[in-house]
Amino acid sequence: MQRLNPIKFWPPVILLVATLLFSLYDRDAFLAATKTANSWILDNFSWLFSWSVLLIVFLILVIYFSPFGKIIIGGKDARPLLTKWKWFSITLCTTIATGILFWGTAEPLFHFHEPPQSLGIEPGSMQAKAFAMSTMFMHWTISPYAIYTLAGLMFSYCFYNLNRPFEVGSTLFPLIGASSNRTIGDIADIICLYGLVAGMAASLGTGILTISAGLNITLGILSSNFVLLTIALAVVATFIISASSGLMKGIRLLSDYNMRAFALLAVFFFAFGPTMDIMHIGTTGLAQYVPNFIPRSINWTEGLDSSWFQSWTIFNWAVWLAWTPITALFLGRLGRGYSVRAFIQMNLIFPSIFGALWMMTFSGTALQFDELSDASLYSTMTQSGPESVIYSIIDELPLSQVVGPAFLLVTFISYVTAADSNTSAMSNICTRGITTVNQESPTFIKITWGIIIGVLAWVVISYAGIDGIKMISVLGGFPALFLVILIALGAIKIVITHKS
C-alpha cells in the first residue's frame, strides 16, 4: 500500500514554498541573495566541479572493462522492463529535456562571437568557429552523460541487486554499508529533492522561453508574464497527467514520439541545411575537442579565462548535477535485466553519439548561417533572446510554415517527457511502499511537485531571464556535487572488491 512519507515530503516542500514566497515578496532581495550564493560557489568550488566530472568519465571507463561490467542488474534471472529501443528512447528523452533544442543553436553563437579574450581568438573567425563547435561537444556529449550514468548505475545495482529502498541514500550503501541508515537516506533525499526542483525549474524556464518565442513568431502572441505563466501551467498540467499514467504508458509513449521527432528534425536540418559545411565544421570541432578534452575539462588550457570557464562549463556541469540524483533513480529503474555494460552503452555511449550528431547538425547550421548572413543570427539573439535563434534558422529552410509549429510542439513534448520521469521519481521518494514490484506513487504527490516546479520556473524567467536560469542551476547542482562524489567513491570500492 503506497502512502505519503511526511518526513521526506514536507521539509523540501516547506523550504521551496518559503523560497517562492520570499521571491514574490522581495524580488530584488531574492535575486541579490541568489547571485551572492552563486558567486561564492563558483569562486570556491569550480575546481571541484571540473575535476570530479573528469574523474567520473575515467571511472565509467574502468567499470565498463572491469569484471563488474558483466553483472546482470537484478540477477541472472531478471527480466528486462523494456526493449532496448524503448530503453534508449526513454533514457535519451529523459536526460536531454529542452536543453538541446534551446542551447543547440544559441550557445555556439555566444562562443563564435564572444570567445574568451584571453585565448586571443578573433570573434567570427574560423578559429572561433572551431572553438565554438568543440565547446558544444564538450558540454553535450561524454562528460555530462557520464555523470548520469554513474549515479543511475549505482542506484540500479543497489535497488535491484542489493535490495536497498527506493531512495537517493541507497546509492551510498556500497561506500558506508550498514551505516547507511534511514536518517542518512532521508537527509540525502530531502537535499536532492530541493536541488532537482531548482534544476527542473531552470530547464523548464528555457523550455518556456523557447515556446514563448515560437508562439510569437508563428501565431503573433507577444511574450508577457501572463503568457509565460500560461505556458508553464500547460506544461506542468501535461506532465502531471502523463506521470500519473505510469512508466509503461505516458512516459513510454511520449518518449517514443519524442525520439522519432528528434530524428526527423535532425535529418531535415542536415538534408536541407548547409550539409557540406555542417560536416566540415563538425569534423573541425571534433579534431579540436579530442586532443584538448582533458585540459578543457579542468581548465588547464593555456590562457583560458576562468570567468568564461565558470560561466559556461561549470554552469553546464551544475545543470546536469542538479538533475542527477533524482534522475538516477528513474534511469536505474530501467536497467533491470541488462548487464552493467549494456547500462553504460544505453546511458553514456549511445546518447553521447546522438548528442554529437545533433550538435554537429544544429550548431553547425547556426554557425554557417550566421557567417553567411553577416551575423544576423547573433543580432537576433542579442535583440530578441537566445530562444529566437532556432526560429530564425527555420525561416531560412524549406517548409518553414510547417517546421516552425512542429518544432514548437517538439519543444513542448520534450520537456514534458523529461519532467514526467523526474516527477515520477521525486514522488516515489516521498512515498512509502515503493518496491521493485510496486513502483508508482499517489497522484496528489505528483501534482504538488508539478505545481511547485512550474511556479518557481515562472518566477525565475519573469524576473531574471537567462541569468536567473544560470544562477538557480548552479545552486541546484552544488549539493548534488558532493553526493555524486560519494557515489563515485562507492563505485570505486565495488570495482576493487568485486570478484569475477
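This is a predicted model: local features need pLDDT of at least 70, side-chain atom pairs count only at pLDDT 80 or more; totals for chains, interfaces and linings use all residues.
Student: Let's start with charges. How many salt bridges are there?

Tutor: The count comes to 4 salt bridges. One of them joins Lys8 and Glu167, with the closest N and O atoms 2.7 Å apart.

Student: Where do Lys8 and Glu167 lie?

Tutor: Lys8 is in helix 1, while Glu167 is in the loop between helix 6 and helix 7, so the pair ties together parts that are 159 residues apart in sequence.

Student: Is Lys8 buried or exposed? And what about Glu167?

Tutor: Lys8 is buried, at 3% relative accessible area. Glu167 counts as buried too, with 5% relative accessibility.

Student: OK, what does Lys86 pair with?

Tutor: Lys86 forms a salt bridge with Asp256, and their closest N and O atoms are 3.8 Å apart. This pair also links distant parts of the chain, since Lys86 sits in helix 3 and Asp256 in helix 10, 170 residues apart.

Student: Which other residue does Asp256 form a salt bridge with?

Tutor: That's Arg260, with 3.3 Å between the closest N and O atoms. Asp256 and Arg260 are 4 residues apart in helix 10, so about one helical turn separates them. Shared partners join Lys86, Asp256 and Arg260 into one network.

Student: How covered up are those three?

Tutor: Asp256 counts as buried at 10% relative accessibility. Lys86 is partly exposed at 24%, and Arg260 is partly exposed at 46%.

Student: New topic: Arg296. How far away is the nearest side chain of opposite charge?

Tutor: That side chain is Glu107, 7.6 Å away. Arg296 is buried yet has no salt bridge, because a salt bridge needs the nitrogen and oxygen within 4 Å.

Student: So what does Arg296 touch?

Tutor: Leaving out residues up to four places away in sequence, Arg296 touches several residues, including Phe131, Thr135, Met138 and Trp308. Arg296 itself is in helix 12.

Student: Which helices do some of those contacts belong to?

Tutor: Phe131, Thr135 and Met138 belong to helix 5, and Trp308 belongs to helix 13. Those residues are also among the ones making the contact between the two helices.

Student: How do helix 5 and helix 13 cross?

Tutor: Their axes come within 10 Å and cross at roughly 30 degrees. That makes helix 5 roughly parallel to helix 13.

Student: And what's the angle between helix 4 and helix 15?

Tutor: They pack at about 110 degrees, with their axes 10 Å apart. That makes helix 4 roughly perpendicular to helix 15. Among the residues in the contact are Phe110 of helix 4 and Tyr378 of helix 15.

Student: Lots of rings in those names. How many aromatic pairs are there?

Tutor: The whole structure has 32 aromatic pairs. In one, the rings of Phe9 and Trp10 have centres 4.9 Å apart and planes at 80 degrees, so the pair is edge-to-face. Phe9 is buried at 3%, whereas Trp10 is partly exposed at 43%.

Student: Which rings link up into a cluster?

Tutor: Phe262, Phe268, Phe269, Phe272, Phe354, Trp358 and Phe362 do, through ring pairs.

Terms used. Residues are numbered from 1 along each chain as its sequence is written. Side-chain values use heavy atoms; hydrogens and water are left out. Buried means under 20% relative accessible area, exposed over 50%, partly exposed in between (1.4 Å probe, protein chains only). Lys and Arg count as positive and Asp and Glu as negative; His and the chain ends are not counted. Contact means heavy atoms within 4.5 Å. Rings of Phe, Tyr and Trp (its six-membered ring) pair if their centres lie within 6.5 Å; planes under 30 degrees apart count as stacked, over 60 as edge-to-face and the rest as tilted. Axes are lines fitted to C-alpha atoms, for helices over the stretch in contact, and angles run from 0 to 180 degrees between N-to-C directions. Angles under 35 degrees count as roughly parallel, over 145 as roughly antiparallel, 65 to 115 as roughly perpendicular and the rest as oblique.
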